[in-house]
Amino acid sequence: MEPASPIKIDAPLILYGKKPKPAPATAAEIIAVYNTAINSAYDAKAAGFSKVVFVIKPEMEEDFNAIVGERVKKYIDIDYVFQEMDSLPEGRVKPFGTGHAILCCRDKVKTPFAIINADDYYGKQAYVEINNFLQTAKS
C-alpha cells in the first residue's frame, strides 16, 4: 500500500547496467536505457528516496552526465561511482555483476540502500515497497 506522503529516507538507490551492450549499440538502445534510468530516478524520488548513485564506466561519465545526470539532479541528489576493472582478480576481463557494482560503491554508500538494474523499469510501486521495508527493517 502506498503511503499518502512518502517518508524521505536516507538511503540511496544504486542504478547500474546489468548487461554489457554489444558495441556499437544502436541509438535507440542507448536512448531506451537512459530514459529508463531517468524514469527510475524520478520514481525513487517520488517514493521517498533521497539520492541516486549511478554506477558507470569512467569513459561514459561525460555523455551520461550530459544526457541523464543533468536532468536527474534537478529533482534528486546524484552521485557517480565508476565500475573499474582494477578491483577484479587478475585475469578477470569483465565485471562480476551486481556484487561488483556494490563493491565499487563501498566508499560512497554507507547507509542501507536499494540496488536496481538501470536498464529494467520497475515502476514507482516497487520503490514505495522498498522504502517501506527500509524504514521498518531492523539494523
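Me: How much accessible surface does the protein have, and what share of this surface belongs to carbon and sulfur atoms?

Reply: Accessible areas come from the Shrake-Rupley method with a 1.4 Å probe, and for residues only the protein chains shown count as cover. Here the protein's accessible surface is about 8,400 Å², with 56% belonging to carbon and sulfur atoms. Keep in mind that this is a predicted model: local features need pLDDT of at least 70, side-chain atom pairs count only at pLDDT 80 or more, and totals for chains, interfaces and linings use all residues. Residues are numbered from 1 along each chain as its sequence is written, and side-chain values use heavy atoms, with hydrogens and water left out.

Me: Where is confidence lowest and where is it highest?

Reply: Look at pLDDT, the predictor's confidence in each residue, from 0 to 100. The protein averages 81, and 81% of the residues score at least 70. The lowest mean, 71, is in β1, and the highest, 92, is in strand β3 (residues 77-82).

Me: In what order do the elements run?

Reply: Helices (H or I, at least four residues) and strands (E, at least two) are DSSP runs, numbered from the N terminus. This protein has 4 helices and 4 strands, and from the N terminus on they go β-α-β-α-β-α-β-α.

Me: Which residues touch the most other members of the largest nonpolar core?

Reply: The general idea is that in soluble globular proteins, nonpolar side chains tend to be buried together. A nonpolar core is a set of buried Ala, Val, Leu, Ile, Met, Phe, Trp, Tyr and Cys residues joined through side-chain atoms within 4.5 Å. Buried means under 20% relative accessible area, exposed over 50%, and partly exposed in between (1.4 Å probe, protein chains only). The largest core here has 22 residues, and those touching the most other members are Leu-13, Leu-15, Phe-54, Phe-64, Val-68, Val-72 and Tyr-127. Elements giving it two or more residues include β1 (9-16), β2 (49-56) and α2 (61-72), while α1 gives the largest share, 5 residues. There's also a second, separate core of 9 residues, with Tyr-16, Val-53, Cys-104 and Cys-105 among them.

Me: Is Ile-56 buried or exposed?

Reply: Ile-56, which lies in strand β2, is buried, because its relative accessible area is 5%.

Me: Which residues is Ile-56 in contact with, leaving aside its neighbours within four places in sequence?

Reply: Contact means heavy atoms within 4.5 Å. With those neighbours within four places left aside, Ile-56 is in contact with Glu-61, Phe-64, Tyr-80, Val-81, Phe-82 and Gln-83.
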